[in-house]
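Let's take a walk through this fold together, going from its strands to its core and then out to its charged pairs. Have the model open and turn it as you read.

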Amino acid sequence: MPFDLEQTTHIFEVIDNGGLQQVIADNPDAVEQIALIREHLAEEAERFAVGDFHDPEIIHGEHMAGMHELVINADKINIEYSELPNGAQILYTTKHAELITAIHQWLEAQLADHGDHATDHR
């Protein structure tokens, strides 16, 4: 990741129709970190929308829970990037129950892997 994990917090929140992934700078005045977060998540959202989950695969492993389903069904998932005052977020939503489960599994796996740098609530 291009930003400093020690200066940021990842938030992985499951919601009824998918999930929310946020990365925020711990210091709201960390302009460089905020810019790096936004650039990274914007690029990831574009890749995820076409089924390219290569970056998370490198970081978390190719057998990460839920990822296979997301890759082969990316066209059935709405992936929406937006900026936050101190970072950015990606919202994942779908109408398909099996993909909601996959999104939940994937976000929970990331939460576990990111350890002290992550939380499941805002």
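How many bridges join strand 3 to strand 4, and do the two run parallel or antiparallel? This is a predicted model, and in it strand 3 (residues 78-84) and strand 4 run antiparallel, joined by seven bridges. You can find the pairing at L84, which stands opposite G87 in strand 4.

The largest nonpolar core has 25 residues, and Y92 and W106 are the ones with the most contacts inside it. Strand 2 (18-25), helix 1 (31-49), helix 3 (67-72), strand 4 (87-93) and helix 4 (97-114) each contribute at least two residues to this core. Helix 4 provides the largest share, with six residues. As a general point, nonpolar side chains in soluble globular proteins tend to be buried together.

Now look at the aromatic rings. A search of the whole structure turns up three aromatic pairs. In one of them, the ring centres of Y92 and W106 are 5.5 Å apart and the planes are at 80 degrees, so this pair is edge-to-face. Because Y92 lies in strand 4 and W106 in helix 4, the pair ties together parts that are 14 residues apart in sequence. Y92 and W106 are both buried. Ring pairs also bring in F48, linking F48, Y92 and W106 into a cluster.

What about charged contacts? The structure holds two salt bridges. One is between E83 and R38, whose closest N and O atoms are 3.7 Å apart. E83 counts as exposed at 52% relative accessibility, while R38 counts as partly exposed at 22%.

The other salt bridge joins R47 to E44, with the closest N and O atoms 2.8 Å apart. Here both residues lie in helix 1, three residues apart, about one turn of the helix. R47 is partly exposed, with a relative accessible area of 30%, whereas E44 is buried, with a relative accessible area of 5%.

Finally, visit the segment before strand 1 (8-15), where E6 lies. E6 is exposed, at a relative accessible area of 60%. Between E6 and A25 there are 9.4 Å in space, C-alpha to C-alpha, and the two are 19 residues apart in sequence.

Definitions and conventions
Residues are numbered from 1 along each chain as its sequence is written. This is a predicted model: local features need pLDDT of at least 70, side-chain atom pairs count only at pLDDT 80 or more; totals for chains, interfaces and linings use all residues. Side-chain values use heavy atoms; hydrogens and water are left out. A nonpolar core is a set of buried Ala, Val, Leu, Ile, Met, Phe, Trp, Tyr and Cys residues joined through side-chain atoms within 4.5 Å. Buried means under 20% relative accessible area, exposed over 50%, partly exposed in between (1.4 Å probe, protein chains only). Helices (H or I, at least four residues) and strands (E, at least two) are DSSP runs, numbered from the N terminus. Rings of Phe, Tyr and Trp (its six-membered ring) pair if their centres lie within 6.5 Å; planes under 30 degrees apart count as stacked, over 60 as edge-to-face and the rest as tilted. Two strands pair if DSSP finds at least two bridges between them. A salt bridge is a side-chain nitrogen of Lys or Arg within 4 Å of a carboxyl oxygen of Asp or Glu.
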